[in-house]
Amino acid sequence: MNRIIYLDNAATTRLNPKVLDSMLPYLKESYGNPSSIHFLGRENKKAIDKAREQVAKSLNAQFNEIFFTGGGSESDNWAIKGVAFANESKGKHIITTNIEHHAVLHTCKYLEKYGFEITYLPVKSNGIIDIEDLKKAIREDTILISVMFANNEIGTIQPIKEIGEIAREKGIYFHTDAVQAIGHIPIDVKELNIDLLSLSAHKFNGPKGVGVLYIKSGVNILSMIHGGGQERGKRAGTENVAGIVGLGEAIEIATKDIEKKSKYLITLRDRTIKELINRIPDTILNGDPKKRLPGNINVCFKYIEGESILLMLDMKGLAASSGSACTSGSLKPSHVLLAIGLPHEIAHGSLRLTLSEETTDKDMEYLLEVLPPIVENLRKMSPLIKNK
Ligand SMILES: *Cc1c(COP(=O)(O)O)cnc(C)c1O
């Protein structure tokens with residue numbers, strides 16, 4: 001085994017070599033501070049402006065609506081806390097879902113300590129919210145709706161356009177965590193009525209530690225980092241120039257030819273799902289069969305532990321995931337799998353395979369060859385199987 005077959009693209013993606021090339025000058029000769037007046041400073045300022053333009057264009061946003069951050073978690077924190085504390089005189093009620101990323105869920109939990117009331121909408125067994133539940137949850141004092149675009153574990157895509165329309169009609173801010181969606185689903189913030197949107201570069205073949213918060217102009221939000229005047233006074237600190245340049249380059253590449261890329265991935269995904277279910281008895285597909293990210297496969301194999309499958313796959317050169325990277329290592333099953341109604345013992349046996357355009361038919365053939373005997377062997381040792 002000399003090559004790793006990487007099927008963990010929801011955790012992070014490979015840095016695109018073209019993106020790396022775009023970054024290198026800002027890690028080497030062009031080391032100026034973007035706030036400096038001299039040539040090296042101006043050159044860096046220009047590079048950031050170019051990246052801001054690239055992001056704005058990809059989302060159909062305005063140049064001055066794009067703010068660079070330290071990643072997806074920071075963007076989620078800023079959006080939710082920033083809107084909550086800036087608008088608390090209007091109300092202290094926020095609506096989100098119980099399948100959000102922890103960057104959203106734990107931020108909401110934190111706000112509860114400050115008197116905010118949070119409604120965590122449930123999802124149906126396919127992992128999608130019921131729009132009627134959302135309508136019913138809206139109150140006089142609701143100031144923010146935060147619903148993720150696509151889920152990082154089961155890949156389900158939420159009805160973003162409908163949520164945006166409802167939020168607009170009621171005059172409530174709408175934030176969406178689009179970290180997993182960008183590059184896979186076309187996103188037009190104007191058409192979708194989105195007020196705030198979070199992105200993270202390392203999920204679309206950019207560098208780690210840099211992200212975006214789109215803030216529609218006119219949205220009332222607090223600054224999160226106080227200091228210098230960077231990011232129009234809203235996010236202080238000398239910019240991560242190389243990271244920002246890489247993000248700009250990466251988003252331009254990622255949002256090109258989405259249709260063609262997703263067609264390829266959907267074919268590969270659906271064929272693999274079908275074969276997994278054919279070849280391995282007691283396999284359950286988690287999430288919606290159609291309204292899911294093109295590269296996302298999430299299945300449960302009854303009677304066994306996801307972690308054991310991962311170790312076996314790892315020995316065969318296959319990198320995959322079970323639950324989300326943040327929850328693995330703990331024995332608690334994923335909150336997303338519990339939210340779609342799986343019992344604990346089944347939720348433990350989950351496997352997430354997230355493909356990229358670099359994933360080939362041959363990679364999937366290899367997976368389909370090695371996985372069935374792994375599952376069979378683990379089941380032989382499983383105490384749960386006796387209760388079948
Ligand atoms: C990865 C991820 C984040 C966090 O992004 P970081 O840049 O790693 O902080 C937030 N939300 C979703 C849906 C993610 O997949």
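Two residues are in contact when heavy atoms lie within 4.5 Å of each other. By this rule, and with its neighbours within four places in sequence left aside, Asp188 is in contact with Leu59 and Asn60. The model examined here is predicted. Asp188 sits in the loop that runs between β6 (173–177) and β7 (196–200). Its relative accessibility is 21%, so Asp188 counts as partly exposed. Two polar contacts involve the side chain of Asp188. One reaches the side chain of Asn60, at 3.1 Å. The other reaches the backbone nitrogen of Glu191, at 2.9 Å. Asp188 and Ile95 are separated by 93 residues in sequence and by 22 Å in space, C-alpha to C-alpha.

The chain as a whole falls into two domains. Domain 1 covers residues 17–255, and domain 2 covers residues 258–381. Their centres, taken over C-alpha atoms, are 28 Å apart. At the interface, 29 residues of domain 1 are in contact with 23 residues of domain 2. About 2100 Å² is buried between domain 1 and domain 2. Carbon and sulfur atoms give 59% of that area. On the side of domain 1, the most area is lost by Glu153, Ile154 and His184. Together these residues account for 36% of what that side buries.

The polar side of this interface was then examined. Polar contacts, in turn, join 11 residue pairs between domain 1 and domain 2, with both residues at pLDDT 80 or more. Two helices contribute to the side of domain 1 that touches domain 2. Helix α4 (102–112) and helix α7 (241–254) each supply at least two residues there. By class, that side of domain 1 holds 12 nonpolar, 14 polar and 3 charged residues.

Salt bridges were considered next, over the whole structure. Side chains of opposite charge can pair when their charged atoms come close. The structure holds 16 salt bridges. One of them joins Glu358 to Arg14, with the closest N and O atoms 3.0 Å apart. Glu358 lies in the loop between β12 (350–354) and α12 (361–381), while Arg14 lies in the loop between β1 (5–6) and α1 (17–27). The pair therefore ties together parts of the chain that are 344 residues apart in sequence.

A second salt bridge pairs Glu231 with Arg52, and here the closest N and O atoms are 2.9 Å apart. This pair also links distant parts of the chain. Glu231 belongs to the loop between β8 (211–215) and α7, and Arg52 belongs to helix α2 (residues 39–59). The two residues are 179 residues apart. Both Glu231 and Arg52 are buried.

Arg139 and Asp141 form another salt bridge, their closest N and O atoms being 2.9 Å apart. Both partners are partly exposed. Arg139 has 32% relative accessibility, and Asp141 has a relative accessible area of 23%. The pair is part of a network of salt bridges that links Glu117, Arg139 and Asp141.

Two further loop residues complete the survey. Glu65 lies in the loop between α2 and β2 (66–69). Its relative accessibility is 3%, so Glu65 counts as buried. The side chain of Glu65 makes a polar contact with the side chain of Lys190, at 3.1 Å. Beyond its neighbours within four places in sequence, Glu65 is in contact with Lys190, Leu213, Tyr214, Ile215, Lys216 and Ser217.

Ser321 is found in the loop between β11 (318–319) and α10 (335–339). With a relative accessible area of 5%, Ser321 is buried. Ser321 touches Asp8, Leu310, Leu351 and Arg352, when residues up to four places away in sequence are not counted.

Conventions:
Residues numbered from 1 in each chain as written. Predicted model: local features only at pLDDT ≥ 70, side-chain atom pairs only at ≥ 80, totals over all residues. Heavy atoms only, no water. Domains from an automatic or database assignment. Buried area = accessible area lost by both parts, 1.4 Å probe. Polar contact = N/O pair within 3.5 Å; in protein donor to acceptor, adjacent residues only side chain to side chain. Helix = DSSP H or I, 4+ residues; strand = E, 2+ residues; numbered from the N terminus. Nonpolar A, V, L, I, M, F, W, Y, C, P; charged D, E, K, R; others polar. Salt bridge = Lys/Arg side-chain N within 4 Å of Asp/Glu carboxyl O. Buried < 20%, exposed > 50% of the residue type's maximum accessible area, 1.4 Å probe, protein only.
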